[in-house]
Amino acid sequence: MLRLPLPRSRCAPKAPESTNTGAESSWSVTRRAFLSAAGATAAAALSGCGSTKADSESTVTSGVVPPGAVASDGPEVKSLKFGMIALTDCSPLVIAHEKGFFKKLGIEATISKGASWAAIRDSLSTGDIQGTHMLLGMPIASTMGLLGSPKKPLVVPWLLNRNGQAITLKASLKGKVQADPKALKPLVDAAKAAGTPMSFAMTFPPGTHAMWMRYYLAAGGINPDSDVALITIPPPQMVQNMKIDKMDGFCVGEPWNARAIAENIGFTSLTTQELWPDHPEKVCAFTEEFAEKNPKTVKAVLKALHEASVWLDDLGNREEQCRIVSAPTYINCPPEIILGRMLGQYDYGDGRTKQDDHYMIFSQRNCNYPQPKYAKWWLSQFRRWGMVEGPPDYEGIVKKVFRTDLYEEAMKEIGYAHGGLNNDPETLFDGVKFDPAQPEEYAASFAIKNLKG
């Protein structure tokens, strides 16, 4: 059994009413007792971590699906195959399956691990899978037919998680670079001048890891399209490729950053929650055609994901989560490598350590609402980097892809009080503010950009 100390996080969620149908370890019971005793303090602390009154209320009102929900609102399609990639943020789908939350809603689920994000996209487009774990930018790119994606309208009614990715640099850069990418600039310039540009990897061109890597490099004065080689590597292959010196750095989700440190081949420069606190990350996506034909099925999936996500945000369940998702059929990584960062315990691998309040979350702080402003931010980055020619239809595309209506209907049916729409500006680590009302102006405001049209 894994035994790690309880993180001293002022943002730790209050334990919800238990939906754990399995036996609890003494470790979990101890954590539950601690969280229960600290409930009043935790509730007060949450207000200092960006939570709203609605968020606090929705943490308590967990919206557990009532008995009889299946009979009154059964899915049109009962057998569903879901895609996932070997990353910790696949957990809501895996837990909904393994803990019986899908079955409770009348869905017989199969979880299928894909070899790459492109394979996942193609399987969804052809109907081989019906729903999937997916990088946030991919449904937007597929709907628009960008960056080699066949034009296929996809919809996002659910955000799976926030935070929990990182930028890893190779071990030989220890002592030369820490969190500030400006320290990379002279190294990049020297390599470029010598005719051997530095290489940085991400997992898919329009995806989250690509945008975090691009933003990080550009904040350091480095043009990702002309100063370095930006390459695409599937998440589980990142560590091996760094081990054989194929790259100087990568951006990926966990547990692959932690594994690079465990194998002493790299260190964490910056976590993505340091780049953008509580940033959106993966989504649950469907084709538009499937969602339109099977709205009850989609809503049943969302209800099951809700129960799984509430379960996941009880930190007392994270040891069990890591045991489950570490299996070869899912992530295929030792659970002890996964668990530390899931509890906010960060060892950067270069002497820095941190107890991080903004570890990966799955439910709290209105995590799952498909906020349109996030899709606008992605479109602004597509525009910034020349992935679209001319200003995109910010409002039209966002409305088509991010389906707040499906989310709101599903949560209303189970009585869950979510935090609702939020259009507040967001500020990233370089101090530049994103106003969702002015995405085009934002895209054009950066000193380093590759606008087209």
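Colleague: What share of the contacts in the protein chain, at a separation of 6 or more, comes from residues 24 or more positions apart?
Modeller: That's 79%. Keep in mind that this is a predicted model.

Colleague: Okay, and how many helices and strands are there?
Modeller: The protein chain has 21 helices and 14 strands.

Colleague: How much of the chain is buried?
Modeller: Of the 453 residues, 60% are buried. The accessible surface comes to about 16100 Å², and carbon and sulfur atoms hold 53% of that.

Colleague: Let's switch to salt bridges. How many does the structure hold?
Modeller: There are 28. One of them joins the side chains of Asp89 and Lys282, at 2.8 Å from N to O.

Colleague: Where do Asp89 and Lys282 sit?
Modeller: Asp89 is in the loop between β1 (79-84) and α5 (91-98), while Lys282 belongs to strand β10 (residues 282-287), so the pair ties together parts 193 residues apart in sequence.

Colleague: Are those two buried or exposed?
Modeller: Asp89 and Lys282 are both buried.

Colleague: And what does Lys104 pair with?
Modeller: Lys104 makes a salt bridge with Glu307, with 3.0 Å between the closest N and O atoms. This pair also links distant parts of the chain: Lys104 is in helix α6 (residues 101-104) and Glu307 in helix α15, 203 residues apart.

Colleague: Tell me about α15, then. How far does it reach?
Modeller: Helix α15 covers residues 295-312, 18 residues in total, and spans 25 Å from its first C-alpha to its last. That is close to the 26 Å expected at 1.5 Å a residue.

Colleague: Why do you call α15 largely enclosed?
Modeller: Because 16 of its 18 residues are buried, the rest of the structure largely encloses it.

Colleague: Which residues are networked with Lys299 and Lys303?
Modeller: Glu409 and Glu413; salt bridges link those four residues in a network.

Definitions and conventions. Residues numbered from 1 in each chain as written. Predicted model: local features only at pLDDT ≥ 70, side-chain atom pairs only at ≥ 80, totals over all residues. Heavy atoms only, no water. Helix = DSSP H or I, 4+ residues; strand = E, 2+ residues; numbered from the N terminus. Expected span 1.5 Å × (residues − 1). Buried < 20%, exposed > 50% of the residue type's maximum accessible area, 1.4 Å probe, protein only. Contact = heavy atoms within 4.5 Å. Areas by Shrake-Rupley, 256 points an atom, 1.4 Å probe, with all protein chains shown as cover.
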